[in-house]
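Below is a short briefing on one predicted model. Please keep the sequence and the structure in view as you read.

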Amino acid sequence: MEKLMTLAELAGYDGRDGRPAYIAVNGTIYDVTASSRWEKGFHPPDHQAGKDLTEELSKAPHVRAVVERFPVVGKLEEETPSARAGGGGKLIVAAIIAAVALGIVLFLAL
């Protein structure tokens, strides 16, 4: 049975220390644990399980045919736009800028 999985949950399936090795490609999560080419969750030259590899593998011509051979274990849950954009970080930066601006105004007023 397929399940929805967030990027944070997917990260727990990195193939290390006996954990299963899952990768996401185009929103589908595949189990690559049994593949000898994904030993300990690493596929040379630099692909690590537990991640969305859509962009990394987009340039490889054989990806779809090869990846689709692995068992599908779930779907990657889409993040909300604010989570993708790091909305919380923008708020912190805005607060810092406002504090610095206020400090400059107070300094010039003295």
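F70 counts as buried because its relative accessibility is 19%; buried means under 20% relative accessible area, exposed over 50%, and partly exposed in between, with a 1.4 Å probe and protein chains only. F70 sits in the loop between α3 (63–67) and β6. Helices (H or I, at least four residues) and strands (E, at least two) are DSSP runs, numbered from the N terminus.

This is a predicted model: local features need pLDDT of at least 70, side-chain atom pairs count only at pLDDT 80 or more, and totals for chains, interfaces and linings use all residues. Residues are numbered from 1 along each chain as its sequence is written, and side-chain values use heavy atoms, with hydrogens and water left out.

**Around F70 and S35**

- Leaving aside neighbours within four places in sequence, F70 is in contact (heavy atoms within 4.5 Å) with Y30, D31, V32, S35 and W38.
- The C-alpha atoms of F70 and Y30 are separated by 5.9 Å, although the two residues are 40 residues apart along the chain.
- S35 lies in the loop between β3 (28–31) and β4 (42–43).
- S35 counts as buried because its relative accessibility is 16%.
- A polar atom of the S35 side chain lies 3.1 Å from the backbone nitrogen of R37.

**Strand β3 and its partners**

- β3 is covered on both faces: T28 and Y30 are buried on one side, I29 and D31 on the other.
- β3 pairs with β2 (residues 22–25) in the antiparallel sense over four bridges; two strands pair if DSSP finds at least two bridges between them.
- Within that pairing, D31 of β3 is the bridge partner of Y22.
- The hairpin of β2 and β3 has two residues between the strands, and N26 takes a positive phi near 55° there.
- β3 also pairs with β6 (residues 72–76), in the antiparallel sense over three bridges.
- Here Y30 has V72 of β6 as its bridge partner.

**Whole chain**

- The chain has five helices and six strands.
- From the N terminus on, the order of elements is β-α-β-β-β-β-α-α-β-α-α.
- Of the 110 residues, 26% count as buried.
- Among contacts with a separation of 6 or more, 65% come from residues 24 or more positions apart.
- The accessible surface is about 7,900 Å², and 62% of it belongs to carbon and sulfur atoms; the areas come from the Shrake-Rupley method with a 1.4 Å probe, and for residues only the protein chains shown count as cover.

**Largest pocket**

- The largest pocket has a volume of about 300 Å³.
- Its lining has 15 residues, of which W38, H43, L57, H62 and V66 lie nearest the centre.
- α2 (54–57) and α3 are the elements that give two or more residues to this lining.
- The largest share, three residues, comes from α3.
- A pocket is an open set of points on a 1 Å grid over the protein atoms alone, where a 1.4 Å probe fits, with protein on both sides within 12 Å along at least five of seven lines; lining residues have an atom within 4 Å of a point.

**Backbone features**

- P44 and P45 are joined by a cis peptide bond with omega of about 10°.
- P45 is in the loop between β4 and β5 (47–48).
- D17 is not a glycine, yet its phi is positive, near 50°.
- D17 is exposed, with a relative accessible area of 74%, and lies in the loop between α1 (7–10) and β2.
- K40, also a residue other than glycine, has a positive phi near 55°.
- K40 lies in the loop between β3 and β4 and counts as exposed at 64% relative accessibility.

Technical notes
Polar contact = N/O pair within 3.5 Å; in protein donor to acceptor, adjacent residues only side chain to side chain. Points joined across faces, edges and corners; volume = space filled by probe spheres on them.
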